[in-house]
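Thanks, everyone. Let me put the structure up, and then we'll walk through it.

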Amino acid sequence: MVNRIIVKLKNGKAAGVDGIEAEHLKLAHSKINVLLCILFNNMMSLGKVPELFCSGVIVPVPKNKHGDLTDSSNYRGITLSPVISKVFEMCLMELYSDYLYSHDLQFGFKKHLSCCNSIFIMRKVVEYFVSNGSTVNLCSLDITKAFDKVNHCALFLKLMDRHTPIAFMRILIHWYGSCTAIVKWNLCLSSCFSLICGVRQGGVLSPILFAVYINDLIVKLVKANLGCCIGSLCICCLFYADDIVLLAGSLHKLQLMLDICNTEMKFLDLKFNVAKSHVLRFGKNYANNCCSISVNNSPIAFVDSIVYLGTSIKAGRIWRTDSSLRRRQCFRAFNSIYCKSPSLSEPSLQQLVESFCKPVLLYNLAADKMSKTEYCRIEHTWNVIMYKIYEVSGEALTMVHAFTNCLPIGMDLLLRQLIFLKNCCRSDNYVVQFIAECYGCQDLSDCVDKLGISDLNVHHMSSNCIKNVVLDRFVSVTVMG
């Protein structure tokens with residue numbers, strides 16, 4: 001297990017207080033695996049971890065480099081932990097995964113799930129209710145310093161309720177009871193201080209433990225049966241770690257759901273940030289005046305748009321998104337590459353742009369359904385970038401794509417949507433699988449038809465195989481005419 005985990009460690013990560021990096025473990029003699037295994041087994045039997053495992057180095061990183069760098073609220077603390085402690089956490093996660101489960105409406109930090117799945121479920125719920133003449137009320141909630149304010153005693157109680165083995169509990173209690181940190185600012189180090197609450201930032205187990213910590217909130221919301229339901233499936237809320245969205249057909253039910261959330265938050269010793277929480281409405285009555293809703297007697301503002309998991313969602317009669325944010329980010333990424341690469345050839349520059357700029361432009365779009373206007377804006381953004389590189393457009397640009405074995409932006413987006421929907425149908429998450437099989441089949445067939453691969457059985461093909469077939473056909477049609 002230790003050997004398998006070390007092989008999977010990512011290179012290029014900063015070292016912790018011990019100065020050891022992942023490359024040290026990967027390139028060391030194979031005896032290191034045996035020694036670590038002996039160390040980890042002794043730690044489990046004693047219920048204690050080494051002192052350095054409890055130490056972290058906090059590096060402040062500005063949230064907005066163009067903002068006020070003298071404002072402490074403009075900084076996010078990134079904690080560097082010893083890499084050996086991460087290996088140990090991965091071992092714990094593998095050994096006790098059966099006790100660290102969370103509800104299927106929690107999409108954060110789970111294998112084969114991403115922001116796209118959360119956006120996809122949200123879109124399908126909105127489209128389902130709007131198409132049947134209903135209004136959907138979407139409430140986005142922000143928890144103040146969620147990961148940093150986890151109450152250790154409450155976390156341990158929730159783990160005990162799951163009958164978590166005593167060996168795991170002893171390790172966690174000792175580890176979290178001994179956590180310390182220092183702040184690194186340029187070359188200066190602060191004095192050491194204790195961390196009496198919160199999950200360990202930078203720890204592999206931390207997001208999993210946080211999901212366990214707030215899992216009961218999801219269970220209570222589902223049992224209340226106040227939010228949106230499709231058939232017998234209740235999709236009243238969507239969680240991505242600490243990003244919470246409530247979905248309800250009426251404001252009265254939404255207020256009742258908020259009351260449940262507020263009660264649970266008090267038990268968890270957490271608070272909602274009302275200033276960053278908003279309500280968005282979809283449907284034919286979206287613009288009507290309505291009563292206010294509140295959390296802990298503080299009203300939540302009704303807004304025309306929100307940014308959820310990097311996607312700008314707009315209120316309206318139907319589901320709509322705005323691509324202006326990702327287009328600006330894409331241009332910013334391209335300009336940073338273009339201005340520093342005057343000596344690179346065009347194909348080399350294109351490969352850099354494909355790797356670093358295209359993912360920014362197409363972020364979460366595999367789960368989205370854009371209007372024709374937004375689609376044209378995305379296509380225009382990419383064509384402008386390609387014109388900047390090759391100074392060609394139109395059919396000549398299509399030939400460039402063919403000779404460099406890169407799909408045009410439109411086909412690339414369709415291919416990503418096809419692969420995403422196919423993976424959703426095979427997902428282990430029941431909510432994702434149910435929505436994809438019942439309401440994503442038409443989207444899947446549309447992608448297949450537009451890509452011209454209706455003669456293939458895409459359900460039994462791997463993602464790489466589908467991509468190669470689409471690319472080969474595009475090159476053949478373009479080059480051979």
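Let's start with a question. Leaving out residues up to four places away in sequence, which residues does T478 touch? There are three names to find on your screens: T398, M399 and A402. Keep in mind that this is a predicted model.

Stay with T478 for a moment. This threonine sits in helix α19, which runs over residues 463-480. Is T478 buried or exposed? Its relative accessible area is 17%. The cut-off for buried is under 20%, so T478 counts as buried. Now look at the side chain of T478. It reaches the backbone oxygen of F474, at 2.7 Å.

Now step back to the whole chain. How many helices and strands does the protein chain have? The count is 19 helices and 17 strands. Along the principal axes, the C-alpha atoms fill a box of roughly 70 × 60 × 50 Å.

What about the interior? Buried residues make up 47% of the 481 residues. On contacts, take pairs of residues at least 6 apart in sequence. Of those contacts, 71% join residues at least 24 apart.

Then the surface. The accessible surface of the chain comes to about 24100 Å². Carbon and sulfur atoms account for 55% of that surface. As for charge, the chain carries 49 positive and 37 negative charges. How far apart are their mean positions? The answer is 2 Å.

Next, L352. Please find helix α12, residues 346-356; L352 lies in that helix. The relative accessibility of L352 is 30%. Buried would need under 20%, and exposed over 50%, so L352 counts as partly exposed. What does L352 contact, beyond its neighbours within four places in sequence? The list is I337, S341, L344 and C357. For scale, compare L352 with I58. They are 294 residues apart in sequence. From C-alpha to C-alpha, L352 and I58 are 31 Å apart in space.

Now a pair of backbone points. Which way does phi go at N297, positive or negative? It is positive, about 65 degrees, although N297 is not a glycine. N297 sits in the loop between β12 (294-295) and β13 (298-299). With a relative accessible area of 74%, N297 is exposed.

E391 is the other one. Its phi is positive too, at about 60 degrees, and E391 is not a glycine. Where is E391? Look in the loop between α14 (372-390) and α15 (395-403). E391 has 61% relative accessibility, so it counts as exposed.

Last stop, C441. This cysteine lies in helix α18, residues 441-451. Its relative accessible area is 43%, so C441 is partly exposed.

To recap, go back to T478. It is buried, it lies in helix α19, and its side chain reaches the backbone oxygen of F474. N297 and E391, by contrast, are exposed. L352 and C441 are partly exposed. That's my tour; over to you.

Technical notes. Residues are numbered from 1 along each chain as its sequence is written. This is a predicted model: local features need pLDDT of at least 70, side-chain atom pairs count only at pLDDT 80 or more; totals for chains, interfaces and linings use all residues. Side-chain values use heavy atoms; hydrogens and water are left out. Helices (H or I, at least four residues) and strands (E, at least two) are DSSP runs, numbered from the N terminus. Buried means under 20% relative accessible area, exposed over 50%, partly exposed in between (1.4 Å probe, protein chains only). A polar contact is a pair of N or O atoms within 3.5 Å; within protein, one must be able to donate a hydrogen and the other to accept it, and residues adjacent in sequence count only if both atoms are side-chain atoms. Contact means heavy atoms within 4.5 Å. Accessible areas come from the Shrake-Rupley method with a 1.4 Å probe; for residues, only the protein chains shown count as cover. Lys and Arg count as positive and Asp and Glu as negative; His and the chain ends are not counted. The place of a charge is taken as NZ of Lys, CZ of Arg, CG of Asp or CD of Glu.
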